[in-house]
Amino acid sequence: MASNDTSAAAATAPIVSCDSGSPYNGSLGLRVGALFIILTTSLVGTLFPVIARRIPSLKVPTAAFDFVKYFGSGVIIATAFIHLLAPAFDELTAPCLTGTWTVYDWAPAIAMMSVFMIFILEIIAFRIGSARLRKLGLDNYNAHDHALGIGHHHAAEHNDHHTGTGLIDSASTTLKNDEASKIIEEPGKLEDPEQGPVLLEDDEVIDSQAMAQILGVAILEFGVIFHSLIIGLTLAVTDDFNTLFVVIIFHQMFEGLGLGSRLAFLPLPKRMRYVPFIGAIAYAVVTPLGMAFGLGFRETYNPDSPTANIVSGILDALSAGILLYTGLVELLAHEFIFNDKMRNAPTGKLVISLGTVCLGAAIMALLGRWA
């Protein structure tokens, strides 16, 4: 009897075809046009915070930058959970996979390995940078406080509290042989009413500080690039193009705002002021590049094949781990828990900031209903 039941269930189970070919169903012109539309919207979302910060005449209020920053943090965290980790589970448990892929839950394992990989990488980079700064006589300088542009308030307030003379006098005490410090006060670039000027030393020190400051954002961008590439490949050949296209426009713009708000507040030396623009452009072009590649192989690329499932599943899981670490540790923890300015902020400001984070996460999670 049990044997008959098993046979009947097998007969009624859906047949999974692993070699069904590409789901591409035409509309080549529309897909090519979508490539340029997504490129434009991604650039707008990512470059707007960067450009607005550098053009004082735009008079963008600090509250607007704060909104974009906190909203972007929520977007990044939701992207990790909803748009990366969940698809990684689906892809690495696909019915077409066989062998080792079927005997272990690889998606969370790969995401966990990614978290530890980024954690260890950051420790190594921080120790190397700190050792270099000590050799230059800046042993009291905390390079990590400037990473992502989120610890600057805390560093300034800490120095004010202990010396009573502010950031400039406090930092100058760490200089070897009482060397005079250089301060760049360029409106709209490295100085604003809340952050104030950023101390820069000779070229050697500038290099060490700049590399320490861009590490966090580099990790963040590295995490979203894999995801954006897979999005482009999928959009190029999907048979549900119209719905996915609209969702991807908002997805890329919101994610771009989150990245751009971090790029905008990197206190880089003058000769590296181009770095935020390079980061914004790199993010914006990855999805169109993925689309271009997918369109080139539109008749043969099958996103449901075993190879595609394995590759996209691994990349999604790796990216999920990177964004989880960056979003929870670098963004939320350093923004709210380790930041004296936020810890001591009025309750109303704290509630609004947390609400903005939740809003970004909620909207991005809602987009996961369709993509």
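Student: Which pattern does the protein chain follow when read along the sequence?
Tutor: Helices and strands here are DSSP runs (H or I, at least four residues, for helices; E, at least two, for strands), numbered from the N terminus. The protein chain comes to 12 helices and 2 strands. Read along the sequence, its pattern is α-α-α-α-α-α-β-β-α-α-α-α-α-α.

Student: What is the mean pLDDT of the protein chain?
Tutor: This is a predicted model, in which local features need pLDDT of at least 70 and side-chain atom pairs count only at pLDDT 80 or more, while totals for chains, interfaces and linings use all residues. Residues are numbered from 1 along each chain as its sequence is written, and side-chain values use heavy atoms, with hydrogens and water left out. The term pLDDT denotes the predictor's confidence in each residue, from 0 to 100. In the protein chain, 73% of the residues reach 70 or more, and the mean is 77.

Student: Where is confidence lowest, and where is it highest?
Tutor: Strand β1 (residues 182–184) has the lowest confidence, at a mean of 37. Where pLDDT is low, the predicted coordinates should not be read in detail. The highest confidence, at 94, belongs to helix α12 (residues 347–367).

Student: How far apart are the end C-alpha atoms of α12?
Tutor: The expected span of a helix is 1.5 Å times one less than its number of residues. For the 21 residues of α12 that rule gives 30 Å, and the model agrees, with its end C-alpha atoms separated by 30 Å.

Student: Why do the buried residues of α12 line one face of the helix?
Tutor: Buried means under 20% relative accessible area, exposed over 50%, and partly exposed in between (1.4 Å probe, protein chains only). In α12 the buried residues are S353, T356, V357, G360, M364 and L367, whereas T347, V351, C358 and L366 are exposed on the other side. An α-helix has 3.6 residues a turn, so residues three or four places apart point the same way. Taking directions from the helix axis to the C-beta atoms, the buried residues of α12 line one face because they fall within an arc of 100°.

Student: Which helices are included in what covers the buried residues of α12?
Tutor: In the protein chain, 49% of the 371 residues count as buried. For the buried residues of α12, the cover includes α3 (62–92), α8 (241–264), α10 (306–337) and α11 (340–343).

Student: Which helix supplies the largest share of the lining of the largest pocket?
Tutor: On a 1 Å grid over the protein atoms alone, a pocket is an open set of points where a 1.4 Å probe fits, with protein on both sides within 12 Å along at least five of seven lines; lining residues have an atom within 4 Å of a point. The largest pocket holds about 750 Å³, a volume being the space filled by probe spheres set on grid points joined across faces, edges and corners. Of its 28 lining residues, P87, E91, I230, T234 and A371 are the closest to its centre. At least two lining residues come from each of α3, α7 (203–237), α8 and α10, and the largest share, 6 residues, is that of α3.

Student: Is D90 buried or exposed?
Tutor: D90 has its place in helix α3. With a relative accessibility of 56%, D90 is exposed.

Student: Which residues is V115 in contact with, leaving aside its neighbours within four places in sequence?
Tutor: V115 belongs to helix α4 and is partly exposed, at 26% relative accessible area. Its C-alpha atom lies 4.8 Å from that of G321, 206 residues away along the chain. The contacts of V115 are G321 and Y325.

Student: Which residues does G223 touch, not counting those up to four places away in sequence?
Tutor: G223, in helix α7, is buried at 0% relative accessibility. The residues that G223 touches are S319, I322 and L323.

How values were computed: Contact means heavy atoms within 4.5 Å.
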